There are 2 protein chains.
Amino acid sequence: MQQNGTTNIMADTMKAVFKSILLKHGFENDKAETCAAIFTANSVDGIYTHGVNRFPRFIEYIQKGYVDKDAILSLQNKCGGIQQWNGNMGPGILNAIHATGIATALANEFGIGCVALSNTNHWMRGGTYGWQAAKAGYVFIGWTNTTALMPAWGAKDARLGNNPLVIAIPYKDEAIVLDMAMSQYSFGAMEQSAIKQESLSVFGGFDTAGELTKDPSAIIQSKRPLPIGYWKGAGLSLLLDLLAAILSGGLATHQIKNKKAEAGLSQVFIAIDISKLGNSSAIAGIIENIINDYKQSVPAGEKDTITWPGERVLAAREKNLANGIPVVTGIWQQILQLQ
Amino acid sequence: MQQNGTTNIMADTMKAVFKSILLKHGFENDKAETCAAIFTANSVDGIYTHGVNRFPRFIEYIQKGYVDKDAILSLQNKCGGIQQWNGNMGPGILNAIHATGIATALANEFGIGCVALSNTNHWMRGGTYGWQAAKAGYVFIGWTNTTALMPAWGAKDARLGNNPLVIAIPYKDEAIVLDMAMSQYSFGAMEQSAIKQESLSVFGGFDTAGELTKDPSAIIQSKRPLPIGYWKGAGLSLLLDLLAAILSGGLATHQIKNKKAEAGLSQVFIAIDISKLGNSSAIAGIIENIINDYKQSVPAGEKDTITWPGERVLAAREKNLANGIPVVTGIWQQILQLQ
């Protein structure tokens, strides 16, 4: 056991434990293998909230029937480069991997492809699908809606989702992946800061008196997290929900919030096959020149480092693959009991 | 003349003045008509910074040869639903209208269409093309890169553009249009606040000491405007520039900043033909239900009103069409002298 009540678990061990639990809960072998691999990869990459920390709730949702472990997505409508699929309430990870694969296949055929997916479930870490598409050589733009957890700008009751948006491009043998929710901080991140009695680095929401605050506990109490860019992120959240619901024909945030649990989401997956572009042989150079210029930024302070979206993930991955994944000991014990 | 040194100009008068100036500067009749109409419409809609206030600089850029008034865009590469076009340094408004039309035509054929445009110029108000596509019945996602005017997160020298992103959907006979730059405030908006000696409503950037501030003059001095959502908007700005440059084969922000003036931009126009979707007859209802729920938000304070992106534009439009467009008198006199 390590300091701070964490245990380091090697990736192979974690994946084997996850897979055995999924098999015990009736998952087919291939599906158990894929879900275990993704929950482990998210943890290896340092995205614990959508990796190991979330695994027990995933099992709970299977047990309660919110997620149908056996369901697979089915085609609803096709029109050239855009297709509408029904996720049939299957596991969000499996549906999203499948949808990303269809979007890239459509891009292969039509240059640009779009899959709109209804009745799916939490895809955990959106960046997973950005990496999937970008490492296969595609540009990716995708997003999901969520339940309501953020007020409109100027309001105090939650009617907007945090609707994570993912944009990814191939970069060397890896990918540049932006994976950002529309709230400045997730409730998960604020709960972590509250437990550690730490202040947020910037304003994260309003307190119950309606004042902007960096106190995570005050924001958890008021239920008024801040949209990124104030009115701007609130507007972007609304539009992403509108697009997800329109394009998929599935549920919008206002409908998801009335369900017992966050289930039945709508998602969009857009891929572009950059090998089909007239400048395809120049693209690696274009990206490298942009990143090189970006990295020449003058740090504002001695402690500041300039990183591109996804760069820190690679550092976490290297460290966690070598040393094991740091897991809160209580969470790991809870997972072991699911075996 | 009105109070605050403004003059109200009726839309027809403004458009006629703009057109006469464009004709005098050698524009073909159709192009003069379109540019005059867009500069006027942007002003009618209350977007003065990209309407009447910007018109003199547009003429200056024509005179200096940064913008080629006679150039039209040409096809570089086509692959199914995605096409790459060269703007040949023509007027940004004309190129963007044309590109939006091509994107919607591609969407008509392939369900989803994408035009990537290189070597174009400032499109003025990005929302123009969102309204164009949405009023024709299409969903629209588009963005432009710009010159460098915002530092990376953790940096103090400007290497990122504010890269406005536009998302639009049809709504009743109008459109819901999000048109947002990646900086919390534009320099134009901060200059206006500085002149009026007004504080910004939220943090707009850093002062020269590296502290967050609402003082527009301090931010103009430090040249460190704040990205929306801090590190998140900085990351989104980088990705939008990467995508614009990759997809179009045109210039990236780091190259634009080395030019004498902001010219030779890269832009992306994506359209989706929602009439081709399996749920097309239900879409108007989906949108209305989302907006109805959104509008039921409980205002945080007595002065708060909950509006969807584009709603305030409609109010400004109605007022300005009825009463005339309020123009700073000095700017209008400057424009009249261009005739």
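This is a predicted model: local features need pLDDT of at least 70, side-chain atom pairs count only at pLDDT 80 or more; totals for chains, interfaces and linings use all residues.
Is Leu242(B) buried or exposed? I start there, and the answer is that Leu242(B) is buried, since 27 other C-beta atoms lie within 10 Å; the word buried here stands for 20 or more other C-beta atoms within 10 Å of a residue's own, exposed for 12 or fewer, and partly exposed for the range in between, with C-beta atoms placed from the backbone.

Residues are numbered from 1 along each chain as its sequence is written, and chains are lettered from A and ligands numbered from 1 in the order in which they are written.

Let me take chain A as a whole. Its secondary structure comes to 12 helices and 13 strands, where helices (H or I, at least four residues) and strands (E, at least two) are DSSP runs numbered from the N terminus. The radius of gyration of chain A is 20 Å, close to the 20 Å that the globule rule gives for 339 residues, so chain A is as compact as a globular protein of that length; the radius is taken over C-alpha atoms, and the rule is 2.2 Å times the number of residues to the power 0.38. Along the principal axes, the C-alpha atoms of chain A fill a box of roughly 55 × 55 × 45 Å, and buried residues make up 56% of the 339 residues. Of the contacts in chain A with a separation of 6 or more, 62% are between residues 24 or more positions apart, a contact being two residues whose C-beta atoms, placed from the backbone, lie within 7 Å.

Now to the pair of chains. A rotation of 180° with 0.0 Å of shift along its axis superposes chain A on chain B, with an RMSD of 0.0 Å, and the two copies are thus related as by a two-fold rotation axis. The superposition is by least squares on the C-alpha atoms of residues with pLDDT of at least 70 in both copies. Among the residues of chain A, Gly229(A) comes closest to that axis, at 2.4 Å for its C-alpha.

The contact between the chains takes 70 residues from chain A and 70 residues from chain B. On the side of chain A that touches chain B, the elements giving two or more residues include β8 (165–171), β9 (174–180), α8 (231–248) and α10 (283–295), and the largest share, 12 residues, comes from α8(A). By class, that side has 41 nonpolar, 20 polar and nine charged residues, where Ala, Val, Leu, Ile, Met, Phe, Trp, Tyr, Cys and Pro count as nonpolar, Asp, Glu, Lys and Arg as charged, and the others, Gly among them, as polar. Because 100% of the interface residues of chain A are also interface residues in chain B, the copies meet through the same surface.

This brings me back to Leu242(B), whose place is in helix α8 of chain B. Leaving aside neighbours within four places in sequence, Leu242(B) is in contact with Ile169(A), Ile176(A), Ile287(A) and Ile290(A). Ser297(A), found in the loop between α10 and α11 (311–323) of chain A, also counts as buried, with 20 C-beta neighbours inside 10 Å. Not counting residues up to four places away in sequence, Ser297(A) touches Ile306(A) together with Pro151(B), Ala152(B), Ala155(B), Asp157(B) and Arg159(B).

Beyond four places in sequence, the contacts of Phe140(A) include Tyr129(A), Val166(A), Ala168(A) and Ala271(A). Val166(A) lies in strand β8 of chain A and counts as buried, with 26 C-beta neighbours inside 10 Å.

Finally, two backbone details. Met89(A), in the loop between β3 and α4 of chain A, has a positive phi of about 65° although it is not a glycine, and Met89(A) counts as buried, with 20 C-beta neighbours inside 10 Å. Lys172(B), in the loop between β8 and β9 of chain B, has a positive phi of about 50°, but with 10 C-beta neighbours inside 10 Å Lys172(B) counts as exposed.
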